[in-house]
Amino acid sequence: GDLGTDGPPDIGGIICPEDEYSDIAFVLLTSKEQAIKTLFSEHMARGAVLSIPSLGICYVIIFCTTIVTFGSAIPVGLFIPNIIGGACLGRMMGQLMLDAGAAVHPGVYALMGAAGALGGFSRMTISLAVIFMEITNNMYLLLPLMLVIMWSKTLADRFGPSVYDIVLEANPDIHLLEDSLHEDHHLVLEGLTTHDVCTAEVVVLRAFESPEQVMKLLVQTSFAGYPVVDREGRLIGLVSRARLVAALARRKNDPPGVGGLISVARLADVAPEVTNWKAPVPRAYSHFRATGLQHLCVVDDQHFLLGILTRTDFARLCRSGAEGVEEVRALINRKCAALAAGVTVQGSPKFASGQAWRPPQQATPPGHVPWKAGSFPSEGSTPTPMADEAAAPCQGAAMESGYSESSGASPAGHA
């Protein structure tokens with residue numbers, strides 16, 4: 001019988017008189033649903049036949065137009081074109097078998113061709129078999145469908161990733177992480193610590209900030225989250241960009257300089273995910289991937305913020321082959337350059353309000369440079385930005401941590 005149809009389809013008409021037909025015009029110009037049902041059918045009404053040359057021409061046209069239109073603003077997609085293209089190839093094989101004298105159902109070959117085409121470009125397995133089982137309502141076709149889909153996926157995996165993975169990797173704003181690191185990644189990363197590969201140039205916030213400074217920070221940067229540190233540079237939380245925007249929205253009607261400080265510490269997550277600077281990169285990656293994090297703060301033994309790891313950083317480290325090795329080398333070189341520049345962790349400008357804050361009198365770890373002397377506003381006070389610092393927003397307070405290429409070395413002053 002016919003697969004998923006109510007009877008032999010009539011392919012006459014379209015651009016031809018009623019008593020004539022064009023198999024190419026029918027496949028390309030009729031509705032996609034009707035074209036798929038026709039390709040899956042065994043016989044056509046009034047003795048019509050989908051010839052092998054016509055099926056080959058249809059496949060070439062569909063393949064070329066799909067390549068041209070994919071990624072454009074035209075809503076054509078990949079799913080339906082691959083079903084029709086694969087069905088054309090499959091039915092070509094069925095017609096060849098019929099011409100050779102074999103008693104076969106060309107619609108079944110078309111079904112298998114469509115399943116193989118979808119399995120090859122999308123790499124779907126179980127869900128694809130379920131979709132085609134719903135199309136046919138024939139349990140006897142389950143085993144051949146599974147064999148075709150698995151063979152198609154296995155063969156395609158030897159040539160490269162799926163088209164969806166390629167498109168996502170081509171988008172610089174999307175970073176995908178594998179479930180686990182490959183063996184070559186372990187060989188490269190097992191001798192590195194999180195301090196070796198973390199981003200040291202981190203923009204941070206203090207516990208209290210003025211609305212003007214928060215606005216300048218959001219305008220000048222595009223980060224999704226900002227670490228919050230205390231006066232000495234210890235990590236006390238992580239605040240998201242969305243919460244800062246919401247806090248500013250609540251104060252949009254306040255006159256400039258009126259309304260006091262924003263309590264950033266209250267907006268922040270006071271228990272952010274952190275990792276010790278000596279943690280191996282593979283362990284940090286497993287933790288980051290398993291918990292679905294966006295930010296992983298790197299701290300020393302005294303909880304001073306040394307840097308941050310994001311999905312972008314891990315995605316760069318997980319690139320395969322020589323490109324992955326070069327990314328690791330480039331990342332470490334950037335880290336060395338940032339530390340050599342002197343300013344690694346940047347905070348917002350300090351304000352003059354009340355008594356100026358000075359570095360604590362207790363012993364400081366050797367080599368550790370605390371937040372530069374300035375002023376730390378008390379809660380409830382209304383600050384006035386210092387003239388020389390108001391012109392340079394989001395710069396100033398800096399921490400310095402040493403760097404060693406060997407994984408066992410400790411940051412300067414945090415032994």
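Author: Let's start with a term we will need: a residue is buried under 20% relative accessible area, exposed over 50%, and partly exposed in between, using a 1.4 Å probe and protein chains only. The model is predicted, with local features needing pLDDT of at least 70 and side-chain atom pairs counting only at pLDDT 80 or more, while totals for chains, interfaces and linings use all residues. Residues are numbered from 1 along each chain as its sequence is written, and side-chain values use heavy atoms, leaving out hydrogens and water.

Reader: As what does histidine 303 count at 32% relative accessibility?

Author: Look in the loop between β7 (295–299) and β8 (305–310), where you will find histidine 303. This residue is not a glycine, yet its phi is positive, about 70 degrees. Because its relative accessibility is 32%, histidine 303 counts as partly exposed.

Reader: How many helices and strands are there in the protein?

Author: Helices and strands are DSSP runs numbered from the N terminus, with at least four residues of H or I for a helix and at least two of E for a strand. By that rule, the protein has 17 helices and 12 strands.

Reader: What percentage of the residues of the protein count as buried?

Author: Here is some background first: a contact is a pair of heavy atoms within 4.5 Å. Among contacts with a separation of 6 or more, 70% come from residues 24 or more positions apart. As for burial, of the 415 residues the share that counts as buried is 44%.

Reader: How far apart are the end C-alpha atoms of helix α4?

Author: The expected span of a helix is 1.5 Å times one less than its number of residues. Helix α4 (residues 79–99) has 21 residues, so it should span 30 Å. The distance between its end C-alpha atoms agrees, being 30 Å.

Reader: How are α3 and α4 oriented to each other, and why?

Author: Two packed helices are described by the angle between their axes and the distance between the axes. Axes are lines fitted to C-alpha atoms, for helices over the stretch in contact, and angles run from 0 to 180 degrees between N-to-C directions. Helix α3 (residues 52–69) packs against α4 at about 160 degrees, with axes 9 Å apart. Angles under 35 degrees count as roughly parallel, 65 to 115 as roughly perpendicular, over 145 as roughly antiparallel and the rest as oblique, so α3 and α4 are roughly antiparallel.

Reader: How do the residues of the contact of α3 with α4 divide?

Author: On the α3 side, the contact includes Ile52, Leu55 and Tyr59, and on the α4 side it includes Ile84, Arg91 and Asp99. Ala, Val, Leu, Ile, Met, Phe, Trp, Tyr, Cys and Pro count as nonpolar, Asp, Glu, Lys and Arg as charged, and the others, Gly among them, as polar. The contact divides into 11 nonpolar, 4 polar and 2 charged.

Reader: In which kind of crossing does α6 pass α7?

Author: The axes of helix α6 (residues 126–136) and helix α7 (residues 142–157) come within 10 Å and cross at roughly 140 degrees. That angle makes α6 oblique to α7. A crossing is left-handed if the near helix is turned anticlockwise from the far one by less than a right angle, and right-handed if clockwise. By this rule, the crossing of α6 and α7 is right-handed.

Reader: Which residues of α7 make the contact?

Author: From α6, the contact uses Leu128, Ala129, Phe132 and Met133. By class, the contact of α6 with α7 has 7 nonpolar, no polar and no charged residues. The α7 side is made by Leu142, Leu145 and Ile149.

Reader: With which residues is threonine 136 in contact, leaving aside its neighbours within four places in sequence?

Author: Threonine 136 is found in helix α6. Its relative accessibility is 8%, so it counts as buried. Leaving aside neighbours within four places in sequence, threonine 136 is in contact with Leu111 and Leu141.

Reader: As what does arginine 123 count at 16% relative accessibility?

Author: Arginine 123 sits in the loop between α5 (106–122) and α6. Its phi is near 65 degrees, a positive value in a residue other than glycine. Because its relative accessibility is 16%, arginine 123 counts as buried.
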